[in-house]
Amino acid sequence: MDKSKRTFLKSKRSLRRRLPPIQSGDRIDYKNMSLISRFISEQGKILSRRVNRLTLKQQRLITIAIKQARILSLLPFLNNEKQFERTESTTRASSLRARKR
(Lines give C-alpha, C1' and ligand atoms only; values in the text may rest on other atoms or scores of the structure.)
Protein backbone atom coordinates (compact mmCIF):
# COMPACT_ATOMS: atom_id res chain seq x y z
CA MET A 1 0.00 0.00 0.00
CA ASP A 2 1.41 3.36 -1.05
CA LYS A 3 1.68 6.19 1.42
CA SER A 4 -0.63 8.28 -0.73
CA LYS A 5 -3.39 5.62 -0.63
CA ARG A 6 -3.24 5.05 3.11
CA THR A 7 -6.17 6.29 5.07
CA PHE A 8 -5.71 8.05 8.36
CA LEU A 9 -5.71 5.43 11.08
CA LYS A 10 -6.75 6.46 14.53
CA SER A 11 -4.26 5.52 17.20
CA LYS A 12 -5.27 2.55 19.26
CA ARG A 13 -4.00 4.04 22.50
CA SER A 14 -6.70 4.71 25.00
CA LEU A 15 -7.17 8.38 25.69
CA ARG A 16 -6.84 9.08 29.36
CA ARG A 17 -9.15 11.81 30.54
CA ARG A 18 -7.70 14.09 33.16
CA LEU A 19 -9.65 14.53 36.32
CA PRO A 20 -11.14 17.99 36.77
CA PRO A 21 -9.06 20.14 39.15
CA ILE A 22 -12.11 21.11 41.20
CA GLN A 23 -14.33 18.31 42.40
CA SER A 24 -18.06 18.77 42.84
CA GLY A 25 -17.70 18.79 46.64
CA ASP A 26 -14.99 21.46 46.73
CA ARG A 27 -16.18 24.89 47.76
CA ILE A 28 -14.52 27.84 46.04
CA ASP A 29 -14.01 30.29 48.88
CA TYR A 30 -11.28 32.67 49.99
CA LYS A 31 -10.85 30.63 53.19
CA ASN A 32 -10.08 27.40 51.31
CA MET A 33 -6.34 27.98 51.01
CA SER A 34 -5.45 24.44 49.93
CA LEU A 35 -7.69 24.82 46.88
CA ILE A 36 -6.69 28.40 46.04
CA SER A 37 -2.95 27.78 46.27
CA ARG A 38 -3.13 25.25 43.41
CA PHE A 39 -4.11 28.00 40.99
CA ILE A 40 -1.28 30.43 41.78
CA SER A 41 2.15 30.33 40.12
CA GLU A 42 5.46 30.44 41.98
CA GLN A 43 5.65 34.18 41.37
CA GLY A 44 2.20 34.68 42.91
CA LYS A 45 0.32 35.17 39.64
CA ILE A 46 -3.11 33.72 38.96
CA LEU A 47 -2.76 30.93 36.40
CA SER A 48 -4.78 31.10 33.19
CA ARG A 49 -7.89 29.10 32.51
CA ARG A 50 -6.12 26.94 29.91
CA VAL A 51 -3.43 25.95 32.37
CA ASN A 52 -5.94 25.30 35.16
CA ARG A 53 -8.39 23.36 32.93
CA LEU A 54 -11.31 25.15 34.59
CA THR A 55 -14.64 26.27 33.25
CA LEU A 56 -15.26 29.98 32.79
CA LYS A 57 -17.46 30.17 35.86
CA GLN A 58 -14.93 28.29 38.02
CA GLN A 59 -12.09 30.55 36.84
CA ARG A 60 -14.08 33.65 37.74
CA LEU A 61 -14.84 32.30 41.21
CA ILE A 62 -11.20 31.29 41.76
CA THR A 63 -10.01 34.75 40.68
CA ILE A 64 -12.44 36.49 43.04
CA ALA A 65 -11.44 34.17 45.91
CA ILE A 66 -7.71 34.80 45.32
CA LYS A 67 -8.23 38.56 45.24
CA GLN A 68 -10.28 38.47 48.45
CA ALA A 69 -7.60 36.35 50.15
CA ARG A 70 -4.93 38.84 49.08
CA ILE A 71 -6.91 41.79 50.43
CA LEU A 72 -7.40 40.01 53.76
CA SER A 73 -3.64 39.21 53.87
CA LEU A 74 -4.17 35.47 53.65
CA LEU A 75 -2.09 35.43 50.45
CA PRO A 76 0.75 37.71 49.40
CA PHE A 77 0.31 39.92 46.35
CA LEU A 78 3.83 39.01 45.21
CA ASN A 79 6.23 36.25 46.05
CA ASN A 80 9.23 37.97 47.66
CA GLU A 81 11.90 35.35 46.96
CA LYS A 82 13.62 37.52 44.35
CA GLN A 83 13.80 40.47 46.74
CA PHE A 84 15.46 38.20 49.29
CA GLU A 85 18.12 37.25 46.75
CA ARG A 86 18.76 40.93 46.02
CA THR A 87 19.29 41.72 49.68
CA GLU A 88 21.85 38.92 49.91
CA SER A 89 23.79 40.32 46.96
CA THR A 90 23.73 43.84 48.42
CA THR A 91 25.01 42.59 51.76
CA ARG A 92 27.84 40.78 49.98
CA ALA A 93 28.72 43.91 48.03
CA SER A 94 28.74 46.05 51.16
CA SER A 95 30.95 43.54 52.98
CA LEU A 96 33.38 43.57 50.05
CA ARG A 97 33.50 47.36 50.15
CA ALA A 98 34.23 47.27 53.86
CA ARG A 99 37.13 44.86 53.29
CA LYS A 100 38.71 47.09 50.65
CA ARG A 101 38.83 50.06 53.03
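Analyst: Helices (H or I, at least four residues) and strands (E, at least two) are DSSP runs, numbered from the N terminus. This is a predicted model, in which local features need pLDDT of at least 70, side-chain atom pairs count only at pLDDT 80 or more, and totals for chains, interfaces and linings use all residues. Residues are numbered from 1 along each chain as its sequence is written, and side-chain values use heavy atoms, with hydrogens and water left out.

User: Which element of the chain has the highest mean pLDDT?

Analyst: The predictor's confidence in each residue, pLDDT, runs from 0 to 100, and its mean over the chain is 79. Among the elements, α4 has the lowest mean (58), whereas the highest, 95, belongs to α3.

User: Is R70 buried or exposed?

Analyst: R70 is found in helix α3, and a polar atom of its side chain lies 2.4 Å from the backbone oxygen of G44. Buried means under 20% relative accessible area, exposed over 50%, and partly exposed in between (1.4 Å probe, protein chains only). Because its relative accessible area is 13%, R70 is buried.

User: Which residue forms a salt bridge with D26?

Analyst: A salt bridge is a side-chain nitrogen of Lys or Arg within 4 Å of a carboxyl oxygen of Asp or Glu, and a search of the whole structure finds 2. For D26, which is partly exposed at 32% relative accessibility, the closest N and O atoms are 4.0 Å apart, and the partner is R38.

Conventions. A polar contact is a pair of N or O atoms within 3.5 Å; within protein, one must be able to donate a hydrogen and the other to accept it, and residues adjacent in sequence count only if both atoms are side-chain atoms.
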